[in-house]
Amino acid sequence: MDFLSHPKEHGGPAEDDVEAQGASHSNGANYTDEQHDDSRVAEPGGDQSSDHIKFGEFRMKVPAKSSDLNEYEALDRFITTFDVERRASLASGISRRRKQPKWWQFWKSRDGELEDEPQPTEIGKPPDSWLETDIRDGLTNAQVDERRRRFGWNELMAEKENMFAKVLSYFQGPILYVMEIAALLAVGLGDWIDFGVIIGILCLNAFVGFYQEKQAADVVASLKGDIAMRAHVVRNGREEQILARELVPGDIIIIQEGQTVPGDAQLICDYSRPHDFDQFKELRNEDKFGDEEETKNGNQKAKDQEKTEEDDDDESIHYGEPLVACDQSAITGESLAVDKYMGDVLYYTTGCKRGKAFAIMTTSAKYSFVGRTASLVQGAKDQGHFKAVMDSIGTSLLVLVMFWVLVVWIGGFFHHLRIAEPNVQNLLHYTLVLLIIGVPVGLPVVTTTTLAVGAAYLAKQKAIVQKLTAIESLAGVNVLCSDKTGTLTANKLSIREPFVAEGQDVNWMMAVAALASSHNIASLDPIDKVTITTLKRYPKAREILRQGWVTDKFTPFDPVSKRITTECHLGDDRYVCAKGAPRAIVNLANVSEEIRTMYNQKAREFALRGFRSLGVAYKKNDGPWVLLGLLSMFDPPREDTAQTIIEASHLGVPVKMLTGDAIAIAKETCKMLGLGTKVYNSERLIHSGLTGTVQHDLVQRADGFAEVFPEHKYQVVEMLQQRGSLTAMTGDGVNDAPSLKKADCGIAVEGSSEAAQAAADIVFLAPGLSTIILSIKTARQIFQRMKAYVQYRIALCLHLEIYLTTSMVIINETIRPDLIVFIALFADLATVAVAYDNAHVEPRPVEWQLKKIWVISVILGSLLAAGTWIIRGTMFLANGGVVQRFGSIQEVLFLEVALTENWLIFVTRGGRTWPSWQLVGAILGVDALATIFALFGWLSGSGGGVMQTTPPTSFHDSRNGWTDIVTVVVVWAYSIGVMIFIAIVYLALNSFSWINNLGRKDRNKKDTQIENIIGHLNKLAVEHEPDPKTGRDKYFIVEKTAADEEDI
């Protein structure tokens, strides 16, 4: 065949030509400069024989490395070694310097502490001399250390946390301020026991909160290293991979397809043409590239002028050919990748879609374009709906406390009570009591630490929570929009028996398919990877690739052409090889209608079997395009996916599949997985003429969408949110970042790009849908713990507020402040273990339902108050009622309150799971302590704590405040009875559907009028034209044409 007619010596360099094997093409693979005669640049006054820049010399000289091979030799080695040996991950290259402790700082580790990050003397702009690094040598370690001392680490992070301020934050907040006021009041009244216990409660909460959050943060941080951004850099005369945070201004970095730009950088030259560095230096010295800052900070007029210039290619000034293409959608909103030329600025966190080139870091992350924008909102901490709920509950309880204090003071005036005397029967002591029990000191700490411990548990399940409030969002998700590949399927593409056109050779077809693939072995697309590795089954195709092919230009897949194209040559013949969507490939060739129909029919047959098909064609020299056939690829569903989808539906989380595959493949996959078959293509969603309510209904009813692009994902999420749904979206690519940000819970799946991970709320390190569903169940358990604790704590506050206020007003009696502070302490001690409690999984998406929480808490608090009043009422009897032999009113009330309040958590947590041993142990511990208090009359007051009540109590307390063991047993039995009754009431309340749905939001709300208005507005466009008479601009509102819509 003619494509095999060229001898081997036309391609590659001699085996001993090391220099010629040093450069690499922009598609990521290495090939020789000797194969391009025009790539040589003679040095002035130099010998022509030595004009080749010896760029390969600074690479790691290990003969077995792929970088020492030419493009197709490296590709052949990759085919051979794929799945045989795994590439070792490179460790972080440079560690942070440590500051040794002073001789007198004996408490500090001798290893030293990490140095603080010094700030640069100039705001974000390094000296010009720093940006003159040679691309062959890079920076030295000494230069890196010096620059890091001035610019700090290359990362966007919150302001460095001061540990003292961190601890102090646990004493701040409306609820905690009330307790601190109570402590000051206790000092003023001389109640030093109360003061000490209140301070103890505050310190306990601070310690527990700090310790648990730190432990949880350490677990998450240990796994976050697995998703840290990395960068390829030239240092000390060789290439190496380091963490992106270790970069400094002046570093020479290598930007390539599939990677995230690790910092603001200026493009230098193509990776395969390092000698262009001299041209870059000349243009930079002549100031041809302009001022970067001026470009960033130009006014609106300059931006408009720049936009006008972009529209007219003749007015745009670029140097050379595009080196890379970057996705800047997260910054500019542009959906298509932007070509970048020599001297252009690459922006931090944008994704490289095409090409491979050298660039120089111009500043660190905090002073980058993205970093400066982020700093504008750094002070605004997004704490989400969770913070709003906690603030709402705290504010309501504070208002209630003020109300009860007012009631007590009014009642005290009728009892002729004084402000501060005598003893504890005065207005200030009553106020102190209500302040102590009226606010739940542990509420902020317990809820936050429950989230932190939950995040650590999720991390052990390979789910990295980027922000704690994402747990609440994940628990409430009621729609999951999932990718197909890698999430619903196994992401193990395999090529089945291909369809070969009549008269064509299957080995030549497979070789052309490999030629029309990315050769960047470090980051191969799954389709390119399976295309290349399948050549193991076709030895003759591999022989064709070994004949000395040279790649001239590689154009990756784009949604417009729907194909991948490689221009290459073998000897004197030039080839254009293409691989892509069957229709796009068929349209390249001038074939008969019969052949076109046959190809389309074959593609449909593959699709109906669930196979993705790719057409393959080539063109030789100036000849016509030749169709070679179709590759059929199959990605089998994961074994557990079908069962997981059923489980998700039982949890009230329907799964909608979003895939870029053809609709026939999508429907076949849905049948395999047990999903519905209401699958529509993106045309039906965007360009079918549906608007308003009809379009929203389509999205809500659909089981999935096929042939979608990232902008379609964004629109699906937006429409579901407009209907009131809490939506989770999975994604893995750079283009998925906007939809991940838009979703209520953005999920970056295993193997996702750095840009997707940065935009997501949760990053998964394990593959599959089952991991996501397991995390949803775990999030609901975490939410259930918080909800049970909040309900429990509100009920406790209401219990003592109702009882003590009515007791103060009616009989002029209270529980002594010394005992009250221990009741508050016991409540916090017992519930520290709530974060580790077992919890059930709600069968539907959860939400706070504050109305339900308040209704049930008021009922529970009232029942507890009634139970306390009953036991107090019996002690008005002459024989003491509940007291069997001897006892103290104060201690009996203290024991009954402590027991019933501690046990209430068993009611609010529900009975679907057994409580954890930590929770049971903590509660039994404080119950035993409360019992000892009652037996020995601790803090009951002189004379057993007798108070002058109205009417007077005929029962006489024991003089020392002790209570006999029989009375204690009776109080325990009575408290158990109270809890059983309350539990029955609680179960009965939750059996009523109207209470269960109280405060629940409508997840399917529908506003037909608004949706239709928005739909019609989306059909309008603004047109602009200059008035020839006046010279002024005119603007018109017109209806978009079909062509306009196609461009969007």
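A residue counts as buried when its relative accessible area is under 20%, as exposed when that area is over 50%, and as partly exposed in between, with a 1.4 Å probe and protein chains only. The model on screen is predicted, and for that reason local features need pLDDT of at least 70 and side-chain atom pairs count only at pLDDT 80 or more, while totals for chains, interfaces and linings use all residues. Residues are numbered from 1 along each chain as its sequence is written, and side-chain values use heavy atoms, with hydrogens and water left out.

Begin by selecting Cys577, which is buried at a relative accessible area of 0%. A disulfide is taken to be a pair of cysteine sulfur atoms within 2.5 Å, and by this rule the structure has zero disulfides. Cys577 accordingly belongs to none, its nearest cysteine sulfur being that of Cys568, 4.2 Å away. Select Cys745 next; this cysteine is buried too, with a relative accessible area of 0%.

The tour now turns to the rings. Rings of Phe, Tyr and Trp (for Trp, the six-membered ring) pair if their centres lie within 6.5 Å, and the planes make the pair stacked when under 30 degrees apart, edge-to-face when over 60 and tilted otherwise. The structure holds 30 such aromatic pairs. Select Tyr680 and Phe705, a tilted pair with 6.3 Å from centre to centre and 50° between the planes. This pair links distant parts of the chain, 25 residues apart, with Tyr680 in strand β21 (residues 679–681) and Phe705 in strand β22 (residues 704–706); helices (H or I, at least four residues) and strands (E, at least two) are DSSP runs numbered from the N terminus. Tyr680 counts as buried because its relative accessibility is 17%, and Phe705 is buried at 2%.

Move on to Phe936 and Trp962, whose ring centres are 5.2 Å apart with planes at 85°, so the pair is edge-to-face. Here too distant parts of the chain are linked, Phe936 lying in helix α32 (residues 917–936) and Trp962 in the loop between α32 and α33 (965–991), 26 residues apart. Phe936 is partly exposed at 38%, and Trp962 is partly exposed at 37%.

Arg245 lies over the face of Trp153, 4.2 Å from the ring centre, and the charged end of Arg872 sits over the ring of Phe876, at 4.3 Å from its centre.

Conventions:
A charge sits over a ring if NZ of Lys or CZ of Arg is within 6 Å of the ring centre and within 35 degrees of the ring normal.
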